[in-house]
Amino acid sequence: MKENKESDIFKCLNCEDVDMVKVTCGPDLMVEQCNDCGGLWLDAGELFNIIELGKFYINHLDTSLKKDSQKNRIRKCPKCEVILQPKHPKTAPEIIIDKCPDCKGIWLDRGELIKLSKTTL
Ligand SMILES: [Zn+2]
Ligand SMILES: [Zn+2]
């Protein structure tokens, strides 16, 4: 039984066939998360908002994990189908985030949000 609501639900960029779920993370902020690998999709500006909201929300997002995420070499933006560009954030050059050049959305693997916030807070 599958509903056709393709518009705002998309598959995890790591896992073959896992739907992303919307997670409330603070006032007026919803992000998409994969319950299997803990990957996160953030629309433009959401990363900044989450870091502003602080540690509580970041820990909340970075908990669930059923398996390790593996790095696929090529990831496409779930919204624009453009290939994401790996970026080393200035504040945390040891990690790589995948950013869409079109909509500026960001893919984060589990654990990357915490690393980003530690260096930014
Ligand atoms: Zn996943
Ligand atoms: Zn995009």
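Tutor: Start with pairing: two strands pair if DSSP finds at least two bridges between them. Strands (E, at least two residues) and helices (H or I, at least four) are DSSP runs, numbered from the N terminus. Here, three bridges join β4 to β5 (residues 97–99), and the two run antiparallel. Within that pairing, Lys87 has Ile97 in β5 as its bridge partner.

Student: What kind of model is this?

Tutor: A predicted model: local features need pLDDT of at least 70, side-chain atom pairs count only at pLDDT 80 or more, and totals for chains, interfaces and linings use all residues. Residues are numbered from 1 along each chain as its sequence is written, while chains are lettered from A and ligands numbered from 1 in the order in which they are written.

Student: How many helices and strands does the chain have, and in what pattern?

Tutor: Three helices and six strands. Along the sequence they read β-β-β-α-α-β-β-β-α.

Student: In what order do the strands form the sheet?

Tutor: The open sheet runs β1-β2-β3-β6-β5-β4, with antiparallel pairing. At its edges are β1 (21–24) and β4 (85–87), each pairing on one side only. Neighbouring strands are turned by 35° against each other on average, direction ignored. For such angles, axes are lines fitted to C-alpha atoms, for helices over the stretch in contact; angles run from 0 to 180 degrees between N-to-C directions.

Student: Which residues have the most contacts inside the largest nonpolar core?

Tutor: First, the general idea: in soluble globular proteins, nonpolar side chains tend to be buried together. A nonpolar core is a set of buried Ala, Val, Leu, Ile, Met, Phe, Trp, Tyr and Cys residues joined through C-beta atoms within 7 Å. In this structure, the largest has 23 residues, and Leu40, Leu42, Trp107 and Leu108 have the most contacts inside it. Elements giving two or more residues include β3 (40–42), β6 (106–108) and α3 (112–120).

Student: What is Leu42 in contact with, beyond four places in sequence?

Tutor: Contact means C-beta atoms, placed from the backbone, within 7 Å. Leu42 touches Val31, Leu47, Gly105, Ile106 and Leu108 by that test.

Student: Is Gly38 buried or exposed?

Tutor: Count other C-beta atoms within 10 Å: 20 or more is buried, 12 or fewer exposed, in between partly exposed, with C-beta atoms placed from the backbone. Gly38 is buried, because 24 lie within 10 Å. Gly38 sits in the loop between β2 (30–33) and β3.

Student: And where is Lys118?

Tutor: In helix α3. Lys118 is partly exposed, with 13 other C-beta atoms within 10 Å. Its C-alpha is 8.9 Å from that of Lys55, 63 residues apart along the chain.

Key: Two residues are in contact if their C-beta atoms, placed from the backbone, lie within 7 Å.
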